Amino acid sequence: MQPTELESSCDASPLWPVAQSRSRHAVWASAALGALMVTALCAAGGMRSDIGAHRSDSLQVISRSGKEDETLNVEAFKKKIHAIIDKFAHICMQCRGDAQKYYSSKLDKVSSLEKKCEEDLALGKHNACKDVANDWHDLRKEVNGAWKGTECPKEMPMSCKLSSGDCKHFPKRACAPKTCHPINLLKSMAKNNRCKDATIECDGQEKVSLRDKKAEAYKQMIQSRIAAFANICAVECRGDAEKYYSSKLDEVSSLEKKCEADEAVCKGVQKDMDVLVKEVDGAWTGTKCPKEMPLSCKMSSDCKHFPQRACAPQTCHPINLLKSIAKNNKCAEATIECTGWQKVAWKDV
């Protein structure tokens, strides 16, 4: 997970303040630490390409000896870790805690190395800060690998591959704690990036997708609405309504199988599924009645949670529908007015 990939959808969190007043030793310590890091990396064969831009900046900053902005190399890295910690505030709880704990420990390590350099300089040691150069290099490499998902540390051992069909800048890799369930991590990242189509596959676990979970959620929603009609007046209102919702359940299953058979058509299938569920929602809330449930009804009651609108089959008599809904909601008074019918009140029956 890279900072820029979450910043596009998450509110930027304020970074922890950097001390405005620093001793000259502290300034030289940070500069020396940065300089030795560059030296160590060059000796090891050069920096990784993803931090190459920092190298030239560091060399330019370090060349201005004795100035406050010589600390930018170390301070920028500390700010980066603070930013990563802040980003995890937008990730699900079970994935957040251990991850923030890991990055906080690395922040402490940076401060510890910086302090060691400062102490060496204060003592006038000839090779001040040289002892921690390799540690600094390893620390930075580890943090970058954990955040980009290219090399997962023992504290964040779960290596995951991600993909998205509708988001351009979705992360491709991530490291996560063992306490983190892949689907919950995927949901958080998809929500932050406003993605509807995404998959995740972590070490030792099966590949899962938002589409699979979405289709399952749609089916459960429709099944709950079929079950709700079991409490509505017999055949005349119930039969055709259950038949309509069952047909939509079959359509969801059919679209799901179509997507499983051909990954290339999944994007179009997702749109068809969204249209289908929008229709089902309109029928259930009574805001847009389909041809199978053409009777559009307005209702009122003193009961707090009494429905205000409903769609029903043409075979359904409004007063019988009202009786069932009033009984289910334990209401003594209610009215209903459906298309082509006069308004009737429960108390008048």
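Predicted model: local features only at pLDDT ≥ 70, side-chain atom pairs only at ≥ 80, totals over all residues.
Me: How much of the protein chain is buried?

Reply: Of the 349 residues in the protein chain, 43% are buried. The chain exposes about 19100 Å², and carbon and sulfur atoms supply 51% of that area.

Me: Where does Lys 148 lie?

Reply: Lys 148 belongs to helix α6, which covers residues 133-148.

Me: Which residues of α6 are buried?

Reply: First, a general idea: an α-helix has 3.6 residues a turn, so residues three or four places apart point the same way. In α6, the buried residues include Ala 133, Trp 136, His 137, Arg 140, Val 143, Asn 144, Trp 147 and Lys 148.

Me: What span should α6 have, and how far apart are its end C-alpha atoms?

Reply: At 1.5 Å a residue, the 16 residues of α6 should span 22 Å. Its end C-alpha atoms are 23 Å apart, which agrees.

Me: How many residues separate Lys 148 and Pro 171 in sequence, and what is their distance in space?

Reply: They are 23 residues apart in sequence, and their C-alpha atoms are 8.4 Å apart. For the whole chain, take the contacts between residues at least 6 apart in sequence: 62% of them join residues at least 24 apart.

Me: Now the sheets. How many helices and strands are there?

Reply: The protein chain has 11 helices and eight strands. Four strands form an open sheet in the order β2-β1-β3-β4, with antiparallel pairing. Its edge strands are β2 (173-176) and β4 (208-209), each pairing on one side only. Helix α7 (residues 182-192) packs on this sheet, touching β1, β2, β3 and β4, and its direction makes about 145° with that of β3.

Me: How many bridges pair β3 with β4?

Reply: Strand β3 (residues 198-202) pairs with β4 over two bridges, in the antiparallel sense. Across this pair, Ile 200 stands opposite Val 208.

Me: What is the strand order in the other open sheet?

Reply: The order is β6-β5-β7-β8, again four strands with antiparallel pairing. β6 (309-312) and β8 (344-345) each have a single partner strand, so one side of each is left without a neighbour in the sheet. Five bridges join β5 (residues 295-301) to β7, and Lys 298 stands opposite Glu 337 in β7. Helix α11 lies across β5, β6, β7 and β8, running at about 145° to β7.

Me: Where do Arg 194 and Lys 330 lie, and is each buried or exposed?

Reply: Arg 194 lies in the loop between α7 and β3, and its 66% relative accessibility means that it counts as exposed. Lys 330 lies in the loop between α11 (318-328) and β7 (334-338). With 78% relative accessibility, Lys 330 counts as exposed too.

How values were computed. Residues numbered from 1 in each chain as written. Heavy atoms only, no water. Buried < 20%, exposed > 50% of the residue type's maximum accessible area, 1.4 Å probe, protein only. Contact = heavy atoms within 4.5 Å. Areas by Shrake-Rupley, 256 points an atom, 1.4 Å probe, with all protein chains shown as cover. Expected span 1.5 Å × (residues − 1). Pairing = 2+ DSSP bridges. Axes fitted to C-alpha atoms, helices over the stretch in contact; angles between N-to-C directions.
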